[in-house]
Amino acid sequence: MGKLDIAADRCPWVHSSERLDSVPFSGIRKMFDMATPGAINLGIGEPDFQPPHEAIDGLCQACRDGMNKYGPTNGILQLREAVAVYSKRYGKEVEAKNVIITPGGTAALITIMQSFVNPGDEVLIPDPGFLVYRPHVMLAGGVPIEYPLTEEGFQPDIDAIAELIGPRTKAIIVNSPSNPTGGVISKGVRNAIMEMVADHGLFVVSDEVYDRFIYEGEHHSFLCDLDHSIVVNAFSKSLAATGWRIGYAISNAETVDQIGKMQYHMTACPNTPVQFGVLKAMPVMESFISSMIPVFRKRRDIISKRIRAIEGFEMVPPQGSFYAFPSYDMGIPSADLSMRLMGEGLICTPGSSFGPAGEGHLRFSYATTEDKIEKGMDILERVVGRMKGTRR
Ligand SMILES: Cc1ncc(COP(=O)(O)O)c(C=O)c1O
């Protein structure tokens with residue numbers, strides 16, 4: 001009996017669409033639902049900080065001041081202007097007309113797919129890559145085509161992408177710093193992708209939600225050519241406000257207008273008081289981020305050292321985001337290994353959740369305390385040691 005039949009059996013008026021049926025429930029959510037209380041959670045992808053008090057005061061004040069109504073579809077002008085100014089740090093002239101505020105990065109990504117992908121259009125996605133890209137393309141009727149990342153540094157493989165571009169290719173999704181790999185795209189790779197996209201009349205959707213979480217090198221934004229890119233970002237990670245559901249997309253004005261047209265039908269407008277909260281936090285954004293990064297860098301160093309000391313585990317040191325993505329040599333599917341670890345009190349995410357090339361890896365989020373990272377690594381070391389017969 002299929003999923004549809006079960007639903008129809010219990011409540012005959014419920015028939016999920018073929019579109020919805022074609023995509024799975026999130027594997028990560030399923031893992032979290034099964035977690036036992038007290039487990040060390042290195043699965044969750046959100047900073048363990050609270051947003052700066054300016055943001056919280058701004059949000060509360062906006063509610064008290066009566067800003068509890070619908071706002072403009074593309075977001076309040078003051079925040080669009082503030083995001084434009086904030087984005088100039090990448091050396092590109094951005095204006096309010098180039099910015100649309102969205103209810104989070106995920107909403108921006110799906111709205112973009114709904115706005116520009118036709119049935120049968122191919123969209124190239126990274127493998128391994130953030131797990132919404134594939135279903136978002138499919139929900140728009142498109143065909144996701146995975147492109148590989150190089151072994152050193154998890155860079156998009158330019159030659160492979162060139163081979164995959166065909167007559168039905170519409171767009172390429174890139175993500176740097178990456179979830180799950182922690183890889184950061186080099187300037188050369190960024191330029192090569194932009195060149196390919198311009199040559200073939202395609203566009204890039206660049207997911208830059210971790211752009212402030214860089215520990216080595218620098219972020220090379222795709223803001224450099226807004227006629228061929230839509231840059232997605234969010235305040236979820238940079239303001240440690242994942243629950244606020246607030247993000248944005250930047251592109252040329254015409255593209256932004258089209259996304260706004262779709263956003264109107266999907267959500268009417270982003271959350272009004274939250275936008276005022278973020279606006280109040282913009283002046284302290286840099287100092288807030290500067291307070292978080294050294295903490296994350298230290299955690300990255302701790303987890304990298306621990307993982308690399310485990311026999312059979314190998315890892316390219318993550319340069320950005322807050323994930324470690326080691327490979328292992330135990331010949332067991334990552335979903336099974338994650339279940340085993342969960343049984344011992346450690347939650348992580350199987351690499352296979354991020355695409356076929358993620359198999360043979362585990363993803364650990366280090367957006368948590370050093371103590372929890374150490375305890376989690378103790379469990380990993382113990383379980384792996386037992387499986388390899390080097391520990392009891
Ligand atoms: C790579 C990447 N893009 C987008 C998002 C979604 O961001 P938001 O929480 O703003 O929807 C996430 C969330 O984990 C992510 O890891």
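User: In the lining of the second largest cavity, how many residues are nonpolar, how many polar and how many charged?
Analyst: This is a predicted model. The second largest cavity is lined by residues including Arg89, Glu208 and Asp211, and Arg, Asp and Glu count as charged. By class, its lining has 5 nonpolar, 3 polar and 3 charged residues.

User: Which elements give two or more residues to the lining of the second largest cavity?
Analyst: About 50 Å³ of space lies in this cavity. Among its lining residues are Val231, Asn233, Tyr248 and Ile250. The elements that give two or more residues are β7 (229-234) and β8 (247-250).

User: What is the volume of the largest cavity?
Analyst: The count comes to 2 cavities of 30 Å³ or more. The lining of the largest cavity has 9 nonpolar, 6 polar and no charged residues. The volume of the largest cavity is about 80 Å³.

User: How much of the accessible area of the ligand does the protein cover?
Analyst: A polar side-chain atom of threonine 106 lies 2.6 Å from an oxygen atom of the ligand. For asparagine 179, a polar side-chain atom is 2.7 Å from a ligand oxygen atom, and an N or O atom in the side chain of lysine 237 is also 2.7 Å from an oxygen atom of the ligand. Of the 390 Å² of accessible area that the ligand has on its own, the protein covers 92%.

User: Which helices each supply at least two residues of the shell around the ligand?
Analyst: The ligand is surrounded by 14 residues, and Thr106 and Ser236 are among the closest. By class, the shell divides into 5 nonpolar, 6 polar and 3 charged residues. At least two shell residues each come from α6 (105-116) and α10 (235-238).

Conventions. Residues are numbered from 1 along each chain as its sequence is written. This is a predicted model: local features need pLDDT of at least 70, side-chain atom pairs count only at pLDDT 80 or more; totals for chains, interfaces and linings use all residues. Side-chain values use heavy atoms; hydrogens and water are left out. A residue is near a molecule or strand if one of its heavy atoms lies within 4 Å of it. A polar contact is a pair of N or O atoms within 3.5 Å; within protein, one must be able to donate a hydrogen and the other to accept it, and residues adjacent in sequence count only if both atoms are side-chain atoms. Accessible areas come from the Shrake-Rupley method with a 1.4 Å probe; for residues, only the protein chains shown count as cover. Helices (H or I, at least four residues) and strands (E, at least two) are DSSP runs, numbered from the N terminus. On a 1 Å grid over the protein atoms alone, a cavity is a set of points where a 1.4 Å probe fits but cannot get out, and a pocket is an open set with protein on both sides within 12 Å along at least five of seven lines; lining residues have an atom within 4 Å of a point. Grid points are joined across faces, edges and corners, and a volume is the space filled by probe spheres set on the points.
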